[in-house]
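Have a look at the sequence and the model first, and then we'll go through the parts one at a time.

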Amino acid sequence: MIKKLMFIWIALLFTATASHAQTTLQYINNNAAYAQQLMRENRIPASIILAVAIHESAAGTSKIAKYLNNHFGVKGQNSSKEIKSAYKGYSSVEDSYDHFIDVLQNKSAFSRLFDKYDEDDYVDWAKGIQRGGYAHSKLWSTKVIALIKKYELFKYDTKHGQYLNAVLPLSKLK
């Protein structure tokens, strides 16, 4: 009986992990092109944009992502009737991405990062954003960097003017 329960528990754990990874890959597929566009326009790594969004919105599955289109955990007003939240509401996912870039460019704690780091330096960008006070967790940049490595998001960053257009196929999870 215990072996049977253990097998069921392991099977459920594997299924949940695989479905979360698949959701994350779908999120990357849906948002990589826009992250790359923002990278080209603003000189911030697409990997940072994607990893912060994945981390802060649970790959678009969090309540604030679903109901408020908030993919970066930005606090502010919203007019949602579905949920009560201290988080800012956006009319679209792209508006959330745009506002994240605006926050980084217009707050002095982050704006200096644009002069200090280029669009290939995701490690220093993550650490600089954390040092600037974006998140209170001491592990925030470590988690963001781990997401970049796990999903190879660095492939979306500028490398000699070439951009990656396709992401890992969902079949790679099997």
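## Ground rules

Let's start with burial: a residue is buried under 20% relative accessible area, exposed over 50%, and partly exposed in between, with a 1.4 Å probe and protein chains only.

What you're looking at is a predicted model, where local features need pLDDT of at least 70 and side-chain atom pairs count only at pLDDT 80 or more, while totals for chains, interfaces and linings use all residues. Numbering runs from 1 along each chain as its sequence is written, and side-chain values use heavy atoms, with hydrogens and water left out.

## The overall layout

The chain has eight helices and zero strands, where helices (H or I, at least four residues) and strands (E, at least two) are DSSP runs, numbered from the N terminus. Read in order, that gives α-α-α-α-α-α-α-α.

Of the 174 residues, 39% count as buried. As for contacts (heavy atoms within 4.5 Å), take those between residues at least 6 apart in sequence: 55% of them join residues at least 24 apart.

How far apart are the end C-alpha atoms of helix α4? They sit 20 Å apart, which agrees with the 20 Å that the 14 residues of α4 (residues 93–106) should span at 1.5 Å a residue; the expected span is 1.5 Å times one less than the number of residues.

Six names to find in α4 are S96, Y97, F100, I101, V103 and L104, which are buried. They cover an arc of only 155° around the axis, which puts them on the same side of α4; the arc is that of the directions from the helix axis to the C-beta atoms. As background, an α-helix has 3.6 residues a turn, so residues three or four places apart point the same way.

N70 lies in the loop between α3 (63–68) and α4. Is N70 buried or exposed? With a relative accessible area of 0%, N70 is buried.

Its side chain reaches the backbone nitrogen of F72 at 3.2 Å, a polar contact (a pair of N or O atoms within 3.5 Å; within protein, one must be able to donate a hydrogen and the other to accept it, and residues adjacent in sequence count only if both atoms are side-chain atoms). Leaving aside residues up to four places away in sequence, N70 touches S57, I64, A65, Y87, K88, Y90 and S96.

## Aromatic pairs

Rings of Phe, Tyr and Trp (its six-membered ring) pair if their centres lie within 6.5 Å; planes under 30 degrees apart count as stacked, over 60 as edge-to-face and the rest as tilted. By this rule the count comes to nine aromatic pairs. One of them is F72 with F100, stacked at 4.2 Å centre to centre with 10° between the planes. This pair links distant parts of the chain, with F72 in the loop between α3 and α4 and F100 in helix α4, 28 residues apart. Both partners are buried, F72 at 1% relative accessible area and F100 at 0%.

Y122 and F154 are stacked too, at 6.3 Å centre to centre and 15° between the planes. Y122 lies in helix α7 (residues 122–131) and F154 in the segment after α8 (140–150), so the pair ties together parts 32 residues apart in sequence. Y122 is buried at 14%, whereas F154 is partly exposed at 29%. Y34, F72, Y97, F100, F110, Y134 and W140 form one aromatic cluster.

## Salt bridges

How many salt bridges does a search of the whole structure find? There are two, each being a side-chain nitrogen of Lys or Arg within 4 Å of a carboxyl oxygen of Asp or Glu. E119 pairs with R43, the closest N and O atoms being 3.5 Å apart. The two partners are 76 residues apart: E119 is in the loop between α6 (113–116) and α7, and R43 in the loop between α1 (2–42) and α2 (46–57). E119 is buried at 17%, while R43 is partly exposed at 39%.

K155 and E152 also meet in a salt bridge, 2.7 Å from N to O. K155 is partly exposed, with a relative accessible area of 40%.

## S141 in α8

S141 belongs to helix α8 and is buried, at 8% relative accessible area. Its C-alpha atom is separated by 8.6 Å from that of G128, 13 residues apart along the chain. Not counting residues up to four places away in sequence, S141 touches A126, K127 and Q130.
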